[in-house]
Amino acid sequence: MADQSAQAPAGAGEVQADGAAPTSNLQESSYDVEVQLSDLQKDKEHPLGSATTFQELGLPHEVLEGLNALKFLKPSKVQEKALPLMLADPPRNMIAQSQSGTGKTAAFVTTVLSRVDFSQASTPQALLLAPSRELARQIQGVITTIGQFIPNLGVSAAIPGSIPRGGTVDKAIVVGTPGTVTDLIRRRQFDTRGLKVLVIDEADNMLDQQGLGDQCSRVKGMLPKTIQILLFSATFPEKVLKYATTFAPSANIIKLKVQELTVKGISQMYMDCPGEADKYEILCKLYGLMNIGSSIIFVKTRESASQIQQSMVRDGHKVSVLHGAYEGSERDALLDEFRTGKSKVLITTNVLARGIDVSTVSMVINYDIPMKGMGDATHDTETYLHRIGRTGRFGRVGVSITFISDKKSFTALHDIAKDLQIDLVALSPDDWDETEKQVQRVIKSSRAQASFVPSAAPGQE
Ligand SMILES: Nc1ncnc2c1ncn2[C@@H]1O[C@H](COP(=O)(O)OP(=O)(O)OP(=O)(O)O)[C@@H](O)[C@H]1O
């Protein structure tokens, strides 16, 4: 059985996508919630636990003020372990693995903010790369929030459409996607000579030769040779980790054991659907549960994402869809609506599988099980972990439900469970009362915790 133990929600909510998006729910912090979180953070073995305070880590006072404003009471384990190593002089490379939702972003953002010399505010000094525009914007938002007390703080987004031809990158910190960053450097719009730190988030995906590996190597080839390289992810398959150690030579390495990969607050369940054709009907039956918090439904292709969304809307449900076929500005608006709770059920593809931090997500549905390789030859354990990690952020609880409908999907889920050394809870499409009860037990407990919150942002509840 998957661990059903309910845990406390986090002490602070997600950070908005950028300065413009009205999405801060930082007021989520409340006395009750903090007390529960601090209980978790006292346990040094817990991924959120630590023995030190941010004050003891020797951070610049403006950065400490920023962390304090976010009500980050104590560092999580990865923050406690990685920060002193990343901030030591002379700078050394870092490869850091930590479970989804455990504060990797704040760890590297704090490092960047501590390393950059803001008296040289128009010289790019730190470059952060992410696999999607959504994640790049989110990281930009975290920098702006933690760095809010730093005079001259400036962050350029290097995502499609953000910097016009002829314009230049003139901020100390640059966050972007590898393709756009490559173009900007090649067109001499981005002078990389002053760069001191390179952060690659979701690094296993970014360095994978099947994925964005070529683009990231090309970017690295255009940067100063002495740059400090920081690689972060919740997953580092052995093969990629080996390559990562050549990409970031002599790095300090923080790695998880297999048994540590899953987040205990996420109740992992599966639904044995009679056949592929029944999945849609079962999804619609689950709709009532999806609205208790917010939910993300992952499907394999953009086409099926749009089709399922249209069918659900026709059937009277309120569901939005986001995938790579949409224009950048539409994507930004769709995600902002989801963050603020204006839309509560989002159908998407793997474009949102990694990194996206929306604290209200209490349910993730794998409508299509994640597969990889030519012709979807094999199960994709890493993508499974990242997808379900969109819920259960920083001590919150959540549910993931993976649909299986045939031998191939059954075998894939079996292999994922074996890789992760976990058992999943079976849900039955024939005993709907019991299914609802099982899911509600978890989701309602997360809602009960959230209802301690006195002043959640409008639409969050
Ligand atoms: N020390 C802290 N105290 C309280 N909340 C924190 C702390 N550090 C981070 N958080 C919050 O925890 C949430 C998850 O953090 P973050 O998005 O950095 O996770 P992550 O490890 O990068 O996850 P993923 O693997 O999904 O990318 C965020 O909403 C963040 O604001």
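User: Which residues does UniProt list for "domain: DEAD-box RNA helicase Q"?
Analyst: The unreviewed UniProt entry lists residues 52-80 for it. The entry also places "short sequence motif: Q motif" at residues 52-80. One thing to keep in mind: the model here is predicted.

User: What do residues 52-80 look like in the model?
Analyst: The span is 45% helix and 0% strand, and its end C-alpha atoms lie 7 Å apart.

User: Why is α3 called roughly parallel to α4?
Analyst: Look at the angle. Helix α3 (residues 77-87) and helix α4 (residues 104-115) cross at roughly 25°, and their axes come within 9 Å. Angles under 35 degrees count as roughly parallel, so α3 is roughly parallel to α4. As for handedness, α3 passes α4 in a right-handed crossing.

User: Which residues make the contact of α3 with α4?
Analyst: From α3 you have Val78, Gln79, Ala82, Leu83, Met86 and Leu87. From α4 come Lys104, Ala106, Ala107, Thr110, Thr111 and Ser114. What puts a pair on that list is the cut-off: two residues are in contact if their C-beta atoms lie within 7 Å. By class, these residues divide into 7 nonpolar, 4 polar and 1 charged. Lys104 is on the α4 side, and Lys counts as charged.

User: At what angle do α6 and α8 pack?
Analyst: Helix α6 (residues 178-186) and helix α8 (residues 213-221) pack at about 35°, with their axes 9 Å apart. The crossing of these two is left-handed. Pro178, Gly179, Val181 and Thr182 of α6 meet Gln215, Cys216, Arg218 and Val219 of α8.

User: What makes the classes of the α6 and α8 contact come out as they do?
Analyst: The contact has 4 nonpolar, 3 polar and 1 charged residues.

User: How is the protein divided into domains?
Analyst: There's domain 1 (33-40 + 48-260) and domain 2 (266-446). Their centres, taken over C-alpha atoms, are 28 Å apart.

User: How do you know that domain 1 and domain 2 are in contact?
Analyst: Within that 7 Å C-beta cut-off, 27 residues of domain 1 are in contact with 19 residues of domain 2. On the domain 1 side, α1 (31-42), α5 (133-146) and α7 (203-207) each supply at least two residues. The largest share, 5 residues, comes from α5. That side has 11 nonpolar, 10 polar and 6 charged residues.

Conventions: Residues numbered from 1 in each chain as written. Predicted model: local features only at pLDDT ≥ 70, side-chain atom pairs only at ≥ 80, totals over all residues. UniProt positions renumbered as here; feature names shortened; annotations may be inferred. Helix = DSSP H or I, 4+ residues; strand = E, 2+ residues; numbered from the N terminus. Axes fitted to C-alpha atoms, helices over the stretch in contact; angles between N-to-C directions. Left-handed = near helix turned anticlockwise from the far one by under 90°. Domains from an automatic or database assignment. Parallel < 35°, antiparallel > 145°, perpendicular 65-115°, else oblique.
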